[in-house]
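Me: I'd like a close look at one part of this model, please. Could you walk me through how a pair of helices meets?

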Amino acid sequence: MARLKFLCDADRCIECNACVTACKNENEVPWGINRRRVVTINDGKPGERSISMACMHCTDAPCAAVCPVSCFYGTADGLVLHDKDLCIGCGYCFYACPFGAPQYPRVGNFGGRGKMDKCTYCAGGPQADNSAVEYAQYGANRLAEGKLPLCAEMCSTKALLAGDGEIIAAIYKERVQRRGYGSGAWGWRTAYKEGLAV
Amino acid sequence: MLIKRSEGHAARQRLASVHQGFSPGGLDRRGFLRQAGLGGAGLAALGGIGPGAVRPAAAGPTNFGAPIERRKNVCTHCSVGCTVIAEVQEGVWVGQEPAWESPINRGTHCAKGASVREIPHGDRRLKYPLKLVGGEWRRIGWDQALDEIAAKLLEIRERSTPEAVFWLGSAKFTNEAAYLFRKLGAFWGTNNTDHQARICHSTTVAGVANTWGYGAMTNSYNDIRNARTIAIMGGNPAEAHPIAMQHVLIGKEQNRAHLIVIDPRFTRTAAHATEHVRIRPGTDIPVIWGILWHIFQNGWEDKEFIRQRVYGMEDVRKEVEKWNPEEVQRVSGVPGEQLKRVAQIFATQKPSTLVWCMGSTQKTVGTANVRAYSILLLATGNVGAPGTGANIFRGHTNVQGATDMGLDVSTLPAYYGLDENAWRHWCRVWEVDYDWMLRRFVSEKLMQTPGIPSTRWFDAVLLPRDQIEQPTNCKAMVVMGHGGNTVTRMPEMVKGLEALELLVIADPHPTTYAQVSNRRDGTYALPACTSFECSGSRAASNRSLQWGDKVVDPVFESRNDYDIMYALAQRLGFAGEMFKNIEVRDGAVSAESILREINRGAWALGFTGQSPERLKLHMANQEHFDVTTLRGREGTPVAGETYCLPWPCWGTPEMKHPGTHILYNTNLHVKEGGGTFRARFGVERNGETLLAEDSWSKGSEIQGGYPEFTVAVLKRLGWFDELTATEKEVIARVGGDAPDRVSWSTDLSGGIIRVAMEHGCLPYGNGKARANAWNLPDPVPVHREPIYTPRTDLIPDASQVAVMQASNGKVAAPAGTYPTMPDRRGYRVPHLGLSVQMRSHQVARDFPIILTSGRLVEYEGGGEETRSNKWLAELQQDMFVEINPRDAEARGIRAKDWVWVTGPESNSRARVKALVTERVGPGVAFMPFHFGGWFMGEDRRRFYPPGTDPIVLGESANTVTTYGYDPVTFMQETKVTLCQIRSA
């Protein structure tokens with residue numbers, strides 16, 4: 001069985017934000033909720049690098065470990081999804097997440113949090129695949145259609161890779177060997193408890 | 001701290017209130033989204049969907065049973081030409097899928113391309129025709145709007161001649177619409193027809209065409225994969241052409257290529273470079289000459305290439321000698337050692353390509369800049385082969401095509417110019433009588449005189465009548481698909497707007513034109529649909545003509561460009577003649593029939609072999625093209641042809657020319673897309689030949705240079721009788737009493753081209769490229785300081801200028817100074833140079849910071865469309881100025897502070913946020929040019945037609961940009977002026 005992962009090649013990422021708008025487009029994510037974002041370090045200086053960030057669908061996901069209502073569940077492909085009907089918007093997962101992935105719509109006038117929203121790896125949620133209610137709650141379910149997340153599929157420079165961890169790691173390794181440099185699979189050690197030696 | 005322009009989270013409070021205030025009432029789609037995001041209360045009513053819902057049940061493919069149709073169109077946001085695949089269900093665009101089969105984008109998009117589905121969904125579009133009555137926008141019907149507009153235009157025509165109307169078209173037009181708009185101008189009786197190419201690459205077109213024949217990208221985005229050295233100067237593709245960066249980065253990785261970025265800013269592209277050369281803005285020529293100095297000094301030039309294919313390189317050598325490393329460093333700030341390294345890499349690690357963009361072209365020396373770039377390529381033998389070339393990245397979907405279609409003040413379609421021969425040629429194509437056409441104009445002289453460029457239309461409105469070389473000032477303007485914040489000197493532009501009797505805006509969005517002035521009447525806003533609601537061909541930067549299918553019908557009451565022009569031409573009384581050979585059914589114009597008419601006339605450009613059928617075949621077989629060579633694979637319906645038949649695609653569609661991937665490539669047969677430099681400038685000058693020596697394209701029967709083909713040339717070669725009887729008959733009809741003078745470009749049968757190709761010859765001849773272009777103001781490019789320069793030591797003082805001017809050009813400028821051109825005239829208006837430059841001496845002290853401008857990845861052009869797109873607007877919510885920490889500290893400015901940027905003309909000022917960053921060097925500031933809706937500190941949201949205001953508004957960079965025009969094309973100077981910045 002495949003273990004689906006994300007890998008962002010920081011030497012390719014140009015911070016064009018295609019992944020961000022592709023995600024918004026595919027999942028009709030509302031203003032203010034960012035399932036994916038691009039982070040830049042050393043902005044405007046030599047050494048500037050950007051990386052596209054979303055839920056990494058961690059191994060032994062810390063969000064799941066802290067959730068008081070156990071709304072998270074893992075899929076056979078290694079994805080970490082959640083059930084919005086169970087979520088109480090407590091925000092624990094946000095504190096537990098090393099990547100800042102969980103997002104919350106604000107409800108009411110006192111800063112109250114709504115149900116948590118995050119990247120689903122374009123795999124929808126616990127509702128029936130590609131049903132209207134699944135789409136309304138979680139967005140697209142591309143995986144059920146045999147496709148990968150749109151952010152990675154549309155990445156302008158093919159920096160963001162999605163798919164089976166071993167395959168994307170092989171693509172990345174080949175790339176690094178060919179060009180002679182690579183800053184590593186950022187976030188892999190944290191998310192997947194393994195680095196990527198090249 | 002605002003170290004990035006966007007920090008990944010939305011400023012929800014502030015913008016949400018904006019959303020609320022200006023959205024129509026009721027629970028519309030956006031209203032719902034807003035409440036879904038902001039309040040739980042509204043959701044309770046929806047029962048089944050829990051509060052976690054992120055979208056309304058009404059949008060998207062909720063009915064998975066209904067069939068989904070896939071339609072292909074082309075992204076409208078830059079010139080790379082990314083295929084967009086739209087999934088359409090029951091007439092609604094419900095999804096966007098990666099276009100894996102496109103050899104250009106291979107499935108990918110940038111932020112703009114990945115969000116284009118929002119465009120036909122956008123509820124901030126113009127929905128129905130509007131008219132400004134006493135300062136208030138009122139809804140009217142199409143018929144009323146067009147009747148009133150036509151009546152007013154005809155009245156102005158009667159009273160003030162046709163030259164009083166300025167027709168401003170668009171680079172977002174399809175080729176067919178651009179051609180139609182130019183034709184509309186001609187049938188109206190004026191050459192005052194222009195579009196965005198004026199302000200993006202007009203100088204490239206002029207400079208490069210004057211060097212080797214055609215003013216376009218010589219290779220392609222894909223071909224950059226073959227380069228071993230990629231130099232990018234005055235361009236930032238990581239933001240402006242992100243998909244081009246895919247090819248750049250893959251080329252860099254596969255070949256371990258050098259990526260040299262020469263730019264005043266450390267751009268996002270520079271972040272991926274192997275070498276960044278920071279220059280003072282406006283010193284491109286000293287830098288290029290500085291590179292060439294090392295090349296000549298070390299003998300790294302390609303001597304054989306120069307001997308065979310270049311004219312006048314010796315004159316360049318003389319100019320380059322002046323630019324020793326010390327002088328280059330004094331003027332540009334670049335150390336000699338660094339340039340030596342760059343020179344050695346560029347000249348020896350071949351193939352090398354030079355990429356440029358608006359950082360090079362939008363200058364008072366734009367034409368000279370691109371000439372210098374071209375000369376660098378010629379000197380190193382880097383033209384006409386894979387991995388080499390002038391890879392000029394243009395800016396809009398179809399700015400290349402709109403330029404090709406002559407949507408310009410100085411030429412008819414396909415660069416035929418405006419002389420009598422050109423008019424007679426196109427009249428023959430249009431099947432109208434030349435004398436009838438002549439009567440549409442005030443005079444034959446004005447018919448052959450270039451019109452007023454879009455950069456100066458407001459001068460043509462405001463200047464005293466005696467300074468304008470046409471019968472009257474401009475009194476009306478018809479604008480289709482063109483932003484109002486894209487020209488410099490906006491405070492004066494606004495005055496021009498207010499002085500117009502009639503202003504017609506046809507656009508999906510109201511644009512800056514609709515709100516920036518205090519007009520109260522005589523203004524119409526017509527909802528034109530977007531490119532995605534309209535079929536037709538679009539020329540990407542690499543000259544490939546991609547056919548885009550209409551994705552959905554025009555939304556709201558909007559209409560496509562063709563139909564609007566047809567309806568207007570009908571009311572103006574010349575639709576019968578203008579649409580004589582164009583198919584129109586119930587007011588709906590057929591794009592295919594327009595392209596066929598273009599095919600019948602655009603011989604000089606090789607825009608003739610690309611029939612709609614061939615283009616559609618290519619779009620249907622995208623997956624069969626190689627990603628590097630763009631050639632169709634054997635055994636497929638497109639075998640051997642280049643993707644979407646980049647011009648020149650010689651002869652008729654039946655001749656099956658494969659299109660030209662790489663211009664001037666002598667290693668291929670002309671029938672396979674090979675070429676030579678165009679013999680466009682005669683055969684000899686001062687005893688020196690202008691024809692190629694010992695160089696010819698593969699398979700040519702003439703082994704050496706030759707002039708362009710005419711009937712006379714065919715006769716001399718003994719090839720005349722290879723023409724068929726039909727071809728001879730057409731030629732006799734074209735030639736009248738002088739059939740020998742019919743050339744390959746006026747022969748409507750295509751016979752001359754066919755015969756030339758049969759013998760392996762290029763119809764346009766085999767000439768030398770010109771390092772010395774004697775017809776330009778600076779035949780060999782020379783450095784000239786920007787009009788507003790902080791380096792007053794590099795320009796003469798006022799008394800020296802007085803002596804220079806009194807001597808009538810005999811006294812040269814003092815050594816070590818680089819003055820701009822003297823005052824002159826052009827394009828019917830005055831063109832000031834030195835007299836304005838002398839103001840630098842007064843203002844440089846109070847305005848010590850160089851201001852430059854450029855693109856952001858999230859927005860495009862004037863920005864109305866993209867700032868109305870909620871997915872893009874969220875990413876970039878504030879207009880800003882980049883300022884170096886040193887300058888910020890000296891002014892007590894902290895990151896995110898509001899600041900005033902003031903300019904040295906018209907008391908101009910702009911209130912923007914400060915982005916303190918080392919991306920710009922000390923003494924340099926940068927502003928993006930996509931913003932509008934604020935003007936000199938005033939939020940003008942209330943002046944937009946209700947419900948059409950973009951989500952994000954901001955000050956326009958061009959509010960503070962200043963005077964300064966290229967002498968050849970009147971390109972505006974947007975890249976170097978002066979400003980002051982202080983806390984607001």
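In what kind of crossing, left-handed or right-handed, does H4(B) pass H24(B)?

Reply: Keep in mind that this is a predicted model. The crossing you ask about is right-handed, with H4(B) passing H24(B). To find the pair in chain B, look for helix H4 at residues 142-160 and helix H24 at residues 561-572. Two packed helices are described by the angle between their axes and the distance between the axes. Here the angle is about 50 degrees, and the axes of H4(B) and H24(B) lie 9 Å apart. Because of that angle, H4(B) is oblique to H24(B).

Now for the residues that do the touching. H4(B) brings Leu146(B), Asp147(B), Ala150(B), Leu153(B) and Leu154(B), while H24(B) answers with Ala567(B), Leu568(B), Arg571(B) and Leu572(B). Sorted by class, that contact has seven nonpolar residues, two charged ones and no polar ones.

In the domain assignment of chain B, domain 2 is made of 130-197 + 399-539 + 544-603, and domain 4 is 842-983. The centres of these two domains are 29 Å apart, taken over C-alpha atoms. Where they touch, domain 2 of chain B supplies 24 residues and domain 4 of chain B supplies 29. On the domain 2 side, the elements giving two or more residues are helix H22 (490-499) and helix H23 (511-515) of chain B. H23(B) gives the most, with four residues. That side of domain 2 of chain B divides into 11 nonpolar, 10 polar and three charged residues.

Methods. Residues are numbered from 1 along each chain as its sequence is written. Chains are lettered from A and ligands numbered from 1 in the order in which they are written. This is a predicted model: local features need pLDDT of at least 70, side-chain atom pairs count only at pLDDT 80 or more; totals for chains, interfaces and linings use all residues. Axes are lines fitted to C-alpha atoms, for helices over the stretch in contact, and angles run from 0 to 180 degrees between N-to-C directions. Angles under 35 degrees count as roughly parallel, over 145 as roughly antiparallel, 65 to 115 as roughly perpendicular and the rest as oblique. A crossing is left-handed if the near helix is turned anticlockwise from the far one by less than a right angle, and right-handed if clockwise. Two residues are in contact if their C-beta atoms, placed from the backbone, lie within 7 Å. Ala, Val, Leu, Ile, Met, Phe, Trp, Tyr, Cys and Pro count as nonpolar, Asp, Glu, Lys and Arg as charged, and the others, Gly among them, as polar. Domain bounds come from an automatic or database domain assignment.
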